[in-house]
Amino acid sequence: MYTEAEEGQRVFQVAQGDRQAFAELAACYLPKLEQYGTRLSGRPALGEDLAQETLLQLWLEARRFDPARGRLSTWLYRIARNRFLDQQRQGWRWLGLESLEGRDAMPDPELEQLSDARQVQQALQRLPERQRSALLLSYYEGLSQKEVAEVLGLGLRAVESLIARARRALGKTLEEEHARTP
Amino acid sequence: MQEPHETPEARERLEAWLDRYAVTPRANLEGLLSNLPPQEAPARARPRGGRVASSARWGAFIDLWRPAALAALPVLLGFVLSSALPTENSDSWEASEQWVFAAGGEGYYP
C-alpha cells in the first residue's frame, strides 16, 4: 500500500507514460477493483471487465487525477462505479447467479462456501445500488465513511444512513433465508 | 430520522455472513499491461491543443509588442500632454482660450 504522496507521484509518472509506475499501481488496485466490481454486479466476469476498464482509464487519463481532491483509491472506485452504472443504463441485464451456478467443478474449499456465498450475493443484489455500493466500499474495501461519500458523491450523513439501512436490510434478508433453509 | 440501532449479535451474525462471500481475483495483470494502448495525449487534446497553439501565438505577439509599446509610451504621453496643456502666451490653464470656451465663456470674443 502506498502513501498518498507516493500514489500521487506514481500517477504523475503514469501521466508521463511510465509503464513501470502503471504496473505498480495496477498490481495494487486490480484485485481490489475486481472484487468490488464482482460484488457490485454479482458477476465475476463483469467484475474483471470493470477492473480492467477502470485501470485502462487510469492509463489514458492519469493527468486528470487531482491529488488535492482525494485519494487515488476513491477516484478509481468512482470510475468503476460510473462504468457499472453506464453499462446498466445501456441495457445490461445482470444475470446475477450464472457465474456461481457454473462453479460446481470448483475445488472443495470454494464449494463448501458456495451456498453461503450465493445467499449473500443474492441478498446484496436485492439492495438498491447506492446501499450496495456504500456497504461494499465500507465493509469489503475498507474505505472510511468520508471516502465512501467521495466515491458516491454524497454527504457524510447520507452515507451513514445508507450503510445502516443496507446492513439492516441485508441482515433481515439473510436471517429469513437462513430460517427457510433446513 | 434516527436509524434503529444494530445489536452486537446482529452485527456479528451479519459480518459472519459477509465474510463467507469471498471473491477470488482472476484478472490477468500481464494481459492488461501487454495490451496497453498508446496514451495519445495529442489526439485527445486536439481541440484544446488548438487553443493552446492559438494562445501561444498571441503570447509571442504580445511579447513582441510589449517592448515596442513601452518604447512608444513616452512619445504618446508627450503628444497627449502637449495637446491638452495650455499653449504659450497664457499665464495659467484657467485663463487659456480653450478653458473659457469650454466653460461657455460668453462674451469672451468681442
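Predicted model: local features only at pLDDT ≥ 70, side-chain atom pairs only at ≥ 80, totals over all residues.
Student: What is the mean pLDDT of chain A?

Tutor: The term pLDDT is the predictor's confidence in each residue, from 0 to 100. For chain A the mean is 87, and 86% of its residues reach 70 or more. Over residues 94-101 of chain A, however, pLDDT stays under 50.

Student: How many residues does helix α1 of chain A have, and which of them are buried?

Tutor: Helices (H or I, at least four residues) and strands (E, at least two) are DSSP runs, numbered from the N terminus. Helix α1(A), residues 4-15, has 12 residues and reaches 16 Å from its first C-alpha to its last, close to the 16 Å expected at 1.5 Å a residue; the expected span is 1.5 Å times one less than the number of residues. A residue is buried if 20 or more other C-beta atoms, placed from the backbone, lie within 10 Å of its own, exposed if 12 or fewer, and partly exposed in between. In α1(A), the buried residues are Glu7(A), Arg10(A), Val11(A), Val14(A) and Ala15(A). They lie on the same side of α1(A) because they cover an arc of only 145° around the axis, taken from the directions from the helix axis to the C-beta atoms.

Student: Where is Ser73(A)?

Tutor: Ser73(A) lies in helix α4 of chain A. Ser73(A) is buried because 23 other C-beta atoms lie within 10 Å. Ser73(A) and Glu147(A) are 74 residues apart in sequence, yet 8.8 Å apart in space, C-alpha to C-alpha.

Student: How many residues of chain A are in contact with chain B?

Tutor: Two residues are in contact if their C-beta atoms, placed from the backbone, lie within 7 Å. Here, 31 residues of chain A are in contact with 20 residues of chain B. On the side of chain A that touches chain B, α2(A) gives the most, with 10 residues. Chain B itself has five helices and zero strands.

How values were computed. Residues numbered from 1 in each chain as written. Chains lettered and ligands numbered in written order.
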